[in-house]
Amino acid sequence: MMGETAGRSLRADAERSVRAILEAAERVLAEEPGASMEQIAAAAGVARTTIHRRFANRQALIEALASSAARRLAQAVDDGRPDTAPPLVAMHRITANVLQVKSAWAFALELPTDPDSEAVALHQDIARRCITVLKRAQDDKLIDEAADLDWVRRVYYALIGESLRGNADADPDALATRIIDTLLHGARPRS
């Protein structure tokens, strides 16, 4: 029993170290993309040997960073209840959640990744889930029945990306409202 408890606390400690390393890597690499593993270790408050024990090399750290950020993004989508909340509510919640993740993990979410990576698979799943929510919105007559939902998704992604430029500190709920309003109503005059 004692060994089991020690094993759990060691795993918890290792998970905290990995989380600290990934959070530090996001901060450090966003400022200096060429930063060394040693600089990242220092920012994480761990020994250089700890970072090398957890990640075989810089590329392994980069891949883990991209996957971790993609998992956070997928969780942000899940937290918006895309399959059960009314479509407009789900779109707003998901957008606000995604804005928070994208502003906190901007560097990692823009990393080029191997086509067979976990990060790419997660982004593909997120795109499919986005289409599902947009289809539900279309069924509720929030989106024109003739609209190309893949195009709507791409416009939605662009609105999110543009809203973060110069607005990273803005209230995510307020930005989400503007994004969804623009997506659904464009810039036409209100009647």
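Predicted model: local features only at pLDDT ≥ 70, side-chain atom pairs only at ≥ 80, totals over all residues.
The protein has 9 helices and 0 strands, so that, as helices and strands are assigned here, the pattern read along the sequence is simply α-α-α-α-α-α-α-α-α. Its C-alpha atoms fill a box of roughly 65 × 40 × 30 Å when this is taken along the principal axes, and of the 191 residues in the protein, 39% are buried. If we consider contacts with a separation of 6 or more, 65% of them are accounted for by residues 24 or more positions apart.

Let me now go through the helix packing, starting with α4 and α5. The axes of α4 and α5 come within 8 Å and cross at roughly 160°, and because angles over 145 degrees count as roughly antiparallel, these two helices are roughly antiparallel to each other. The crossing of α4 past α5 is right-handed, and the contact is made by A69, R72, L73, A76, V77 and D79 on the α4 side, together with I94, N97, V98, V101 and K102 on the α5 side. Sorted by class, the residues of this contact divide into 7 nonpolar, 1 polar and 3 charged.

While we are on α4, which spans residues 58-79, I would point to S67, which lies in this helix. Is S67 buried or exposed? Its relative accessibility is 10%, and since buried means under 20%, S67 counts as buried. Leaving aside residues up to four places away in sequence, S67 touches E118, A119 and L122.

From α5, residues 87-104, we can move on to α7, because these two helices also pack against each other, at an angle of about 145° and with their axes 9 Å apart. Here α5 passes α7 in a left-handed crossing, and P87, A90, M91 and I94 in α5 meet V133, L134, R136 and A137 in α7. By class, the contact of α5 with α7 has 7 nonpolar, no polar and 1 charged residues.

That brings me back to α7, residues 118-139, and α8, residues 149-164, whose axes come within 9 Å and cross at roughly 110°, which makes α7 roughly perpendicular to α8. Which residues of α7 meet α8? They are I126, A127, C130, I131, L134, K135 and Q138, and their partners in α8 are L149, D150, V152, R153, Y156 and Y157. This contact of α7 with α8 comprises 9 nonpolar, 1 polar and 3 charged residues.

Notes:
Residues numbered from 1 in each chain as written. Heavy atoms only, no water. Axes fitted to C-alpha atoms, helices over the stretch in contact; angles between N-to-C directions. Helix = DSSP H or I, 4+ residues; strand = E, 2+ residues; numbered from the N terminus. Parallel < 35°, antiparallel > 145°, perpendicular 65-115°, else oblique. Contact = heavy atoms within 4.5 Å. Nonpolar A, V, L, I, M, F, W, Y, C, P; charged D, E, K, R; others polar. Buried < 20%, exposed > 50% of the residue type's maximum accessible area, 1.4 Å probe, protein only. Left-handed = near helix turned anticlockwise from the far one by under 90°.
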